[in-house]
Amino acid sequence: MVLSDGKGIGKVIFSSSLGTLIEWYDFYIFGMLAKTISIQFFPEGNDTAALLSTLAIFAAGFLVRPFGALVFGRLGDMIGRKSTFLFTLVLMGGSTFLIGLIPGYRTIGIAAPLLVLLLRLIQGLALGGEYGGAATYVAEHSPTNKRGYYTSWIQTTATLGLFVALGVIMLVKSNMSDASFTSEWGGWRYPFWISILLVIVSIYIRLKMSESPLYTKLKKEGKASSNPLKESFGNKANFKMVLLALFGAVMGQGVVWYTGQFYAQSFLENTVKIEFMQNREIMLWGIGLATPFFLVFGALSDRIGRKWIMLSGMLLGVIFYRPIFNTFLKDTNVKEWKKMEGDATPTIISKEILKVDSITTGNELALVTHSKIKWQSQQGTGFTETRADSILNVGATPSVTKEDSKPVFTDKKLSSPMKWKFISLVFVMILFVTMAYAPIAAFLVELFPTRIRYTSMSLPYHIGNGVFGGLVPFIATLLSASSPTDPLVGLWYPILIAALCVVIGTFYLTNKIDKNIND
Amino acid sequence: MNSLKKIMGFFWMTLAPIVIYLLVRSALQNIDSTGTKDINKPVPWIIIITIFTPIAIGLMIFGYYSLKGEYDHLPESSDDL
């Protein structure tokens, strides 16, 4: 039985998506508030706290997420989708709320980072179990000709969760001073506390839902799996499909998703050095404008198949990542900005001497002036220049002034037309994400039988997204260390992984939509 | 197409140990007690190599299946699984 009427399926999609969105929100706020959390729970100079911090960052995403996929996937195939993804929601919401209640390191010492680590691991575990349940649940309610469209609503939640997290944090932050926000019991805890309200609402809605009709039928007939792990990974015929899903689709989708949604933001902030608020504005517009395309490509995949839409998204990433990121760098080259004429010419609006160092070598005295200069043009572009100029041979006539050859330019502000150009480029990258990610739930659901679907689809999904996608910043740092002169070197990792996936997907995957997922 | 899959199968089987070798070599080159970046710490490398080893073995099995012609015909219903 599927729900073809708008109201019934609407409820199913809404209740599933809301919970998944909240889980993403919970997972993101920890990452977004990492700096404050680090100050409160993982103080510098304490080796144990530093180790726990590294574990919280790496273990939650890389180890625990796939493990959660196995634990809850198994549960979802044995006791049902509804109870399982209700449980993951409680776990996620509960641990998020509790993180907001833990006193800081200064109050309870090493117990604070230990508790945070424990709760962060529970968050990773819960996230590993949620997605497969929600995708399976919606797909098992959907008619064949709308499976891609209906499950694409689930696909929007990872992006919308980012939106809500960013919105809540910005709202809280804008209503208090920085000191009030970052203090031990300050505003940074509010987003964690808010989570419990969201979770209660979502649990209430999910409790009213009934079990997936396909799973109920299976259970009634006594055909539910008693050992989904063995059937998923011990049975060669199914295991080969798990491997195909991972290497032929999810691996590439994971890096495209991460590069568009997270690496772009980090690149604009840390490499291009765009001003904090404008960077977020660019990301929010780009992501916001592209989000509806999840639904467009989900629906399109019902008509023309999943395979080529997903692979096209990855291939476009492979082709355009380097030109797009290179444009970000080229267009924000301050040396070029300084050469511009007319309204575009930047002029100094303030200059602050930070400090003056005096260096004596033998009889010669040199002064090094560290200054911060703010530039702005009438067109709206601006930047902060931090430089250290030296006056050599002070007292002699003439003294020699040596200008800093490598001033640092930060807080770059783009003019309105350039800002929109950047928004368009981010939009294009998110469009690649929507192509690769929108059909993936329907694609995975159709690959596996009902009795072991939750387990079989969850593991490749979380390895693809959590491990391959989550590794993007780490590998980018690694590549930058080996080739420090090329600021785009970090892109080779997502490009190579996506290219590999395109090759495997092209030759091994079929574009045929499985009309019958009732088996 | 199927013979191409078989040739590629050999390539995937070879790629898997190369990936592990590169990861271990990168770990040994970058772990540095004086460094401050994540790539200088041993814990992330231990976690990444731990999780990547079974994935690379998976790639090797994928290659082996491909070489043996397991992907020449994909299942069309659950009865084939």
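Guide: Ten bridges join β2(A) to β3(A), and the two run antiparallel. The model is predicted: local features need pLDDT of at least 70, side-chain atom pairs count only at pLDDT 80 or more, and totals for chains, interfaces and linings use all residues. Residues are numbered from 1 along each chain as its sequence is written, with chains lettered from A and ligands numbered from 1 in the order in which they are written.

Visitor: What makes β2(A) and β3(A) a pair?

Guide: Strands pair if DSSP finds at least two bridges between them. Here ten bridges join β2(A) to β3(A), so they pair. A:Gln376 stands opposite A:Gly382 in β3(A). Strands are DSSP runs of E, at least two residues, numbered from the N terminus; helices are runs of H or I, at least four.

Visitor: Which residue in the turn of that hairpin has a positive phi?

Guide: A:Gly380, at about 115 degrees. The hairpin has five residues between β2(A) and β3(A).

Visitor: Why is A:Leu392 called partly exposed?

Guide: Buried needs 20 or more other C-beta atoms within 10 Å of a residue's own, exposed 12 or fewer, and partly exposed lies in between; C-beta atoms are placed from the backbone. A:Leu392 has 16 such neighbours, so partly exposed it is. A:Leu392 sits in β3 (residues 382-392) of chain A.

Visitor: How do you know that β1(A) and β2(A) pair?

Guide: 13 bridges join β1 (residues 347-361) to β2 (residues 364-376) of chain A, antiparallel. In this pairing, A:Thr360 stands opposite A:Leu365 in β2(A).
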